[in-house]
Amino acid sequence: MQISEILKPEAIKIIGSSTSKKRLFHDIGELAESVLGYKASEVVEALIERENLGPTGVGHGIALPHARLEGVDRVCGLFLRIEKPMDFESVDRQPVDLVFVLLAPASAGVEHLKALALVSRTMRDAATCAKLRANADPATLHAILTDSHATQAA
């Protein structure tokens with residue numbers, strides 16, 4: 001599996017700021033609806049439900065919100081870069097500015113976990129994150145994410 005298989009170029013968005021995690025999830029829902037055709041309210045509900053189990057802010061300014069949804073036929077991703085980092089209740093209590101969202105079929109098993117591991121490995125790479133933070137063009141961000149040496153799952 002490669003990030004290019006789960007992240008469309010149009011599924012990348014740069015936002016100036018977000019006032020709350022819930023507001024961010026609404027932005028994600030709108031992006032998922034416009035790019036992937038999923039119902040925004042269902043995406044928001046699923047992300048909030050998953051977040052209630054425990055925060056998906058993994059540290060170093062990165063969040064990996066993910067959810068399983070009915071009607072989703074394959075694992076797909078969305079990426080947002082937030083220009084003004086926001087509180088996300090991350091494990092290291094640092095504000096978040098890089099958000100990689102995964103949406104998976106409700107029945108997804110190993111594919112969802114493989115995708116999460118792939119994204120996690122990619123986002124743990126300090127050089128990749130530095131490049132993501134230094135660029136504001138969605139096409140460039142897509143190239144960084146999909147061309148990274150870390151984008152292949154074992």
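Student: What covers the buried residues of H2?
Tutor: The cover includes strand S1 (12–15), H3, strand S5 (76–86) and S6. A word on the source: this is a predicted model, where local features need pLDDT of at least 70, side-chain atom pairs count only at pLDDT 80 or more, and totals for chains, interfaces and linings use all residues. Residues are numbered from 1 along each chain as its sequence is written, and side-chain values use heavy atoms, with hydrogens and water left out.

Student: What makes a run of residues a helix or a strand here?
Tutor: Both are DSSP runs, numbered from the N terminus: helices are H or I with at least four residues, strands are E with at least two. By that rule the chain has six helices and six strands. Their order from the N terminus is α-β-α-α-β-β-β-β-β-α-α-α.

Student: Which residues of H3 are buried?
Tutor: Ala40, Val43, Val44, Ala46, Leu47 and Glu51. They cover an arc of only 165° around the axis, so they sit on the same side of H3. The arc is that of the directions from the helix axis to the C-beta atoms. As a general rule, an α-helix has 3.6 residues a turn, so residues three or four places apart point the same way.

Student: Which residues are exposed on the other side of H3?
Tutor: Glu45, Glu49, Asn52 and Leu53 are exposed there. The buried residues of H3 pack against helix H2 (21–36), strand S4 (66–69) and strand S6 (96–105). After H3 comes Gly54, with a positive phi near 160°.

Student: Why is Ile48 called partly exposed?
Tutor: Buried means under 20% relative accessible area, exposed over 50%, and partly exposed in between (1.4 Å probe, protein chains only). Ile48 has 27%, so it is partly exposed. Ile48 belongs to helix H3. Leaving aside neighbours within four places in sequence, Ile48 is in contact (heavy atoms within 4.5 Å) with Lys22 and Phe25.

Student: Why does Asp125 count as buried?
Tutor: Its relative accessibility is 18%, so Asp125 counts as buried. Asp125 is in the loop between helix H4 (110–124) and helix H5 (126–134).

Student: What makes Glu89 and Arg93 exposed?
Tutor: Glu89 has 53% relative accessibility, so it counts as exposed. Arg93 has a relative accessible area of 76%, so it is exposed as well. Glu89 lies in the loop between S5 and S6, and Arg93 is in the loop between S5 and S6. Phi is positive in Glu89, near 55°, and in Arg93, near 65°. In general, most residues other than glycine have a negative phi.

Student: What makes a set of residues a nonpolar core?
Tutor: The members are buried Ala, Val, Leu, Ile, Met, Phe, Trp, Tyr and Cys residues, joined through side-chain atoms within 4.5 Å. The largest such core here has 51 residues, and Ile28, Phe79, Phe100, Leu103 and Met123 touch the most other members. S6 gives the largest share of this core, eight residues.

Student: Which residues does Ile28 touch?
Tutor: Not counting residues up to four places away in sequence, Ile28 touches Val43, Leu47, Leu78, Leu80, Val99 and Val101.

Student: How do you know that the chain agrees with a compact globule?
Tutor: The rule is 2.2 Å times the number of residues to the power 0.38, with the radius of gyration taken over C-alpha atoms. With 154 residues, the rule gives a value near 15 Å; the chain has 14 Å, which agrees. Of the 154 residues, 51% count as buried.
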